[in-house]
Amino acid sequence: MKAKSESLKGLGAKYGATLRRRYTKIYLMLKKRRNCPMCGSMRFKREAIGIWKCDKCNYKVAGGAYDL
Ligand SMILES: [Zn+2]
């Protein structure tokens, strides 16, 4: 029982580090400013996972979960 929980803990730490590195990359991508492909407005952002929307002209596009 003790050995099992220790190995699980080790795996969790390893997974956590990888996830954190991946999250940093994704976070930078999300923070990056984008231009709307339709009107060129900078108010183009991710509305939901996989959906990008322009606040100015309401242009909506399906893209990747974290990047277009
Ligand atoms: Zn637009």
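Student: Which residue in β3 does Trp 52 stand opposite?

Tutor: In this predicted model, Trp 52 stands opposite Val 61 in β3. That pair belongs to the antiparallel pairing of β2 with strand β3 (residues 60-62), which runs over three bridges.

Student: How does β2 pair with β1, and over how many bridges?

Tutor: Strand β1 (residues 44-48) pairs with β2 in the antiparallel sense, over four bridges, and Lys 45 has Lys 53 in β2 as its bridge partner. β1 and β2 also form a hairpin, here with two residues between them, and Gly 50 in the turn has a positive phi of about 85°.

Student: Which residues of β2 lie on its covered face, and which on its uncovered one?

Tutor: As a general idea, the side chains of a regular strand alternate between the two faces of the sheet. In strand β2 (residues 51-54), Trp 52 and Cys 54 make up the covered face, whereas Ile 51 and Lys 53 make up the uncovered one.

Student: In what order do the strands form the sheet, and why is one side of β1 and of β3 left without a neighbour?

Tutor: Three strands form an open sheet in the order β1-β2-β3, with antiparallel pairing. β1 and β3 stand at the edges and each has a single partner strand, so one side of each is left without a neighbour in the sheet. On average, and ignoring direction, neighbouring strands of this sheet are turned by 30° against each other.

Terms used
Residues are numbered from 1 along each chain as its sequence is written. This is a predicted model: local features need pLDDT of at least 70, side-chain atom pairs count only at pLDDT 80 or more; totals for chains, interfaces and linings use all residues. A residue is buried if 20 or more other C-beta atoms lie within 10 Å of its own, exposed if 12 or fewer, and partly exposed in between; C-beta atoms are placed from the backbone. Two strands pair if DSSP finds at least two bridges between them. Axes are lines fitted to C-alpha atoms, for helices over the stretch in contact, and angles run from 0 to 180 degrees between N-to-C directions.
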